[in-house]
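Q: I would like a close look at a single part of this model. Please keep to geometry and contacts.

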Amino acid sequence: MAEDSDLEKTEPASPRKLEQAREEGDIPRSRELATCTVLLAAGLGLWVTGEQLVRRLNHMLAEGLSFEREQAFDFSLLLMRLGDACIDVLIALAPLAGILLLVALGSPLLIGGWLFSSKSLAPKFARLNPLSGIGNMFSTRSLVELIKAIGKTVLVGVISWTVIAGQLEPMLALSTEPLQNGAAHLGDMLVIGFITIVFGLVVIALIDVPYQLWHYANKLKMTREELRQESKESDGDPQVKARIRQLQREMARRRMMSEVPTADVVVTNPTHYAVALRYTEGKNRAPVVVAKGADEVAAKIRELAAENNVALLEAPPLARALYKHTELGDEIPAALYTAVAEVLAYVFQLRVFNKQGGARPNMPTELQVPADMDPANAAAASGGAR
C-alpha cells in the first residue's frame, strides 16, 4: 500500500518542475479571459472614440466620392489618391487599434504572464499520432470545453435576446427620426448591446480562470517518489551528504586537536567537558578557546594535553560555562574574565615553579562563575547537572 501511495500523483508540483514546464512553454492560459478582455476593450473603445471615428470616416467618404476630372483619366493620380485615403483610414482607426493592441498584450499578465519558449516551437511528431488525437477528443478536457462552448452559446443567446427585446421599440422608432439622428441612436444601441453581451462573457471567464489554474496544478502534480528523486538530483543523495558532513566534522576535529598542544590550560569538568584556552599577550584581548569537547572528545583533549605538558585544571562550573557559551576561536565572555584570570595566573606561576623551583602555587578552588552562566544551575531541579 505504501508503494502504491508513493506512485500516486498527490503532491503539488515543486518550484523546479514549474520552472521546467514554463521553459517548455507550458503555462496556465484562459482563452475565455483573453477573448473577453479584447472584446470588452473593443466595445468600450468604440463607445469612447465612436463618435469621432464615425465623423472622420464620414468626412473621408465624402471626399472619396468627389474628385477632379484629371484624376479620372490618370491612373497614377488615382493610385496616389487611394494611398492617401488608406493612410487616412489607418490614422482614424489608430486609437481603437492601439487600445486593442495594449489589451491583447496585457491580458496574458492576468494569468500565466508573458512567455516565449523556443521549445514550444519545436515540432512534436507525437501530435501526428491519430490514436492520441482520438484520445484527446474523448478526454475530460474535451468534455469540459464542450460544456463551456454550450454554456457560452446559451448565455450569449439569452443575453442577446434580452437586449434585442428591450430595444425593439426604440429600434422601430428609428424610422421616424432624421437620418443623421437615427444613425447616431442606432450606433449607440449597437455599442451598448455589444458591451452588454460581452459582459455576459465575463461570467464564463470568471469560471474558466479558476478551472484553468486548477487543471494546470493538477496536471503537474508529482508522486512522492518523483519528489524524492528530484531532491536527490538537486540537493544530492542524503546518504552522500551525511557522509560529507561526517568527514567535515572529522576534519574539523583533527584541526581542533592539533591546537591542543599550543594551549596554555585545559579546564575540565573533570570527565564530561574539556575546554582548552590560549592567551597571547599583545595579540589577544582575552583568552581564546582553541578546543572544546564533551565525553569522548573531552577525554581525547585531556590525553593530548597530558602528552604535551599542557596544564590541566579541574573546575566544573567554569568548564560547563565555557563549553556552553563559547565556540572555537571565540574569546571568552566578559563575565568569565575574573575566573579565567585566576586560572591563567595559576598556570603562569606553575610554569615558573617548574623552571625555578620555590614555593608551589596553590590551585584555585573557589572560582567566581556567575550563576546564570553555569548550565548546571538551570538543570539542577531536574537532576540534569553533570
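At what angle do helix 3 and helix 5 pack, and how far apart are their axes?

A: The model is predicted, so local features need pLDDT of at least 70 and side-chain atom pairs count only at pLDDT 80 or more, while totals for chains, interfaces and linings use all residues. Residues are numbered from 1 along each chain as its sequence is written, and side-chain values use heavy atoms, with hydrogens and water left out.

Helix 3 spans residues 31-64 and helix 5 spans residues 75-106; helices here are DSSP runs of H or I with at least four residues, numbered from the N terminus. The two pack at about 165 degrees, with axes 9 Å apart. Axes are lines fitted to C-alpha atoms over the stretch in contact, and angles run from 0 to 180 degrees between N-to-C directions. Helix 3 and helix 5 are therefore roughly antiparallel, the term for angles over 145 degrees. Their crossing is right-handed, meaning that the near helix is turned clockwise from the far one by less than a right angle.

Contact means heavy atoms within 4.5 Å. On helix 3 the contacting residues include T37, A41, G45, T49, R56 and E63. On helix 5 they include R81, D88, I91, L96, I99 and V103. By class, this contact has 15 nonpolar, 4 polar and 4 charged residues. Ala, Val, Leu, Ile, Met, Phe, Trp, Tyr, Cys and Pro count as nonpolar, Asp, Glu, Lys and Arg as charged, and the others, Gly among them, as polar.

Notes:
Angles under 35 degrees count as roughly parallel, over 145 as roughly antiparallel, 65 to 115 as roughly perpendicular and the rest as oblique.
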